[in-house]
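I opened this entry to look up a hairpin, some aromatic rings and the charges over them. My notes follow in the order I took them.

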Amino acid sequence: MTTQYKNLINGELVAGDKWIDVVNPANEQVIGQVPDCGQAELDKAVAAARAAFPKWKKTSMEERRACFAKMADVIKANSDELMRLLTSEQGKPHMQAGSEIAGCVGMTRALPMLNLEEKISEDSEKRLSRTRRVPVGVVGGIVPWNFPVLMAVQKIVPALLSGCTMVLKPSPFTPLATLRMAELIAGVFPAGVLNIITGGDALGPLLTSHPDIDKITFTGSTATGKRVMESASKDLKRITLELGGNDAAIVLPDADVAKVAEKLFWASFYNAGQVCIAAKRIYIHEDIYDELSAAIAAYASAVKVGDGAEQGTAIGPIQNKQQYKRVLELIADAKDKGYKFLVGGDHDPSIPGYFVPVTVLDNPPEDARIVAEEQFGPVMPLMKFTTVDEVISRANASDYGLAGSIWTSNPEAAVAVAEQLETGTVWINESMHLAPNAPFGGHKQSGFGAELGEEGLLEFTYPQVITIAREAA
Ligand code: NAD
């Protein structure tokens, strides 16, 4: 019988009346079921979070930190099980699933080191004025399917650390490892502080429009982010949106081709390219274009695509059928238009699972769909550029502004290029590094607000200024 995973509502593990099947994208087999919740279950979860809020907000930071220390220990002790479950529902190879779970442990330990310090704005003869931070209340968290557990943890920890309580909704495509984690940590927090509920397409809009939720923290596509913002506007819920990206990687003419080829490959293909901050447009200076594109193609041809649970697999399937069809459609469009493929492009529909071959394109035009749109799959368009000014304007000619990278043997000089990119993060000679103490957020249509760092924590709070006149009334 298929394993049924329960929701966490008010400290209890709750089964569903209706269930959603969860599929392994490597073989399309059902591997588990999760409750298909609607308004009634959501109301219970929100009521539990609301009831838990007055007491939780009065706990000290030290009490909250003690809970996170326990949570990290529990996740770490169960890493192997969570890693295997994550691979089976998400598709990523065991190594990458292991890194995601290790990242959860790391974030659960590191984020609580952040502080919500009071600030004195005036200490004069006339008055003492200080700004404190108060939690906004009940937070609704919405998570995507590419890094389901890490994205959940990156929302849970700062929300609860700030004194908020939470109702979190995983993606219906990848809820299993998150619900197993919920079961493992159920006793760590007082009942109602953390609630995790699952449901289909209808549940997200119910959450964003729920009148007793004060803030939404959302990670997902830009299109959905706009809907979330619209829905939250009805009662002015606070929002943080982490959205899509179309990150440019810029390879300057002085880059060391041998070193950069492999790093760039993984900047694009980690998690089968299903990363918001993957390098999705690769601009290579014309002086080294031929050499570097040949080195990338050689590396790409040797990488094993397969079931993430199999030894030696470096790239797994696309996580779900809908996204799989979208990536194939972008590749078909590139073929129809006659763009040149260095690697991949052919796909065998008879193989079960949502596998897309590693695909590298040779200098498609800037307005090709595969360049202009977020592919979110194992696809890497390589493009030639001539001058730095030209490549900066091409990189910035996007509604997205999530991140970008520059590759060079003179990193200090590249800072001046980095400063001209219209993105929230720029890496020089690496990619995808996120730190618990640095804000991560998109410019333009890649987001609203930030996660991580002090800025991320402040998003779960309101400022409150208390002023005492020195002269008594
Ligand atoms: P998605 O927008 O389809 O779904 C994200 C979540 O929103 C899911 O839990 C989904 O059930 C829920 N949802 C769907 N419709 C909703 C609605 N109308 N109201 C409220 N919730 C709704 O995104 P996805 O396909 O799961 O994830 C891929 C996208 O996420 C990519 O665009 C990627 O770049 C982006 N992403 C961004 C970041 C970041 O930090 N910036 C991180 C990971 C993924």
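For the helix entries I take a helix to be a DSSP run of H or I with at least four residues, numbered from the N terminus. The model is predicted.

Helix and rings. I looked up helix α9, residues 257-269, and found phenylalanine 265 and phenylalanine 269 both in it, four residues apart, about one turn of the helix. I then searched the whole structure for aromatic pairs and got seven. In one of them, phenylalanine 265 and tryptophan 266 have ring centres 4.9 Å apart and planes at 90°, so I noted the pair as edge-to-face. Phenylalanine 265 and phenylalanine 269 have centres 4.3 Å apart and planes at 20°, so that pair is stacked. Ring pairs link Phe265, Trp266, Phe269 and Tyr299 into a cluster.

Which of these are buried? I found phenylalanine 265 buried at a relative accessible area of 0%, and phenylalanine 269 buried at 0% relative accessibility. Tryptophan 266 is partly exposed at 23%.

Charges over rings. I found the charged end of lysine 92 over the ring of phenylalanine 147, 3.7 Å from its centre. Arginine 64 lies over the face of tryptophan 56, at 6.0 Å from the ring centre.

Hairpin. I looked up strands β3 (residues 19-24) and β4 (residues 29-35), which run antiparallel and are joined by six bridges. Asparagine 24 stands opposite glutamine 29 in β4. Four residues lie between the strands, and glutamate 28 takes a positive phi near 65°.

Record. UniProt, in an unreviewed entry, places "domain: Aldehyde dehydrogenase" at residues 18-465. Over residues 18-465 I noted 39% helix and 22% strand, with the end C-alpha atoms 47 Å apart.

Definitions and conventions:
Residues numbered from 1 in each chain as written. Predicted model: local features only at pLDDT ≥ 70, side-chain atom pairs only at ≥ 80, totals over all residues. Heavy atoms only, no water. Pairing = 2+ DSSP bridges. Helix = DSSP H or I, 4+ residues; strand = E, 2+ residues; numbered from the N terminus. UniProt positions renumbered as here; feature names shortened; annotations may be inferred. Phe/Tyr/Trp six-rings, centres within 6.5 Å; stacked < 30°, edge-to-face > 60°. Buried < 20%, exposed > 50% of the residue type's maximum accessible area, 1.4 Å probe, protein only. Lys NZ or Arg CZ within 6 Å of the ring centre and 35° of its normal.
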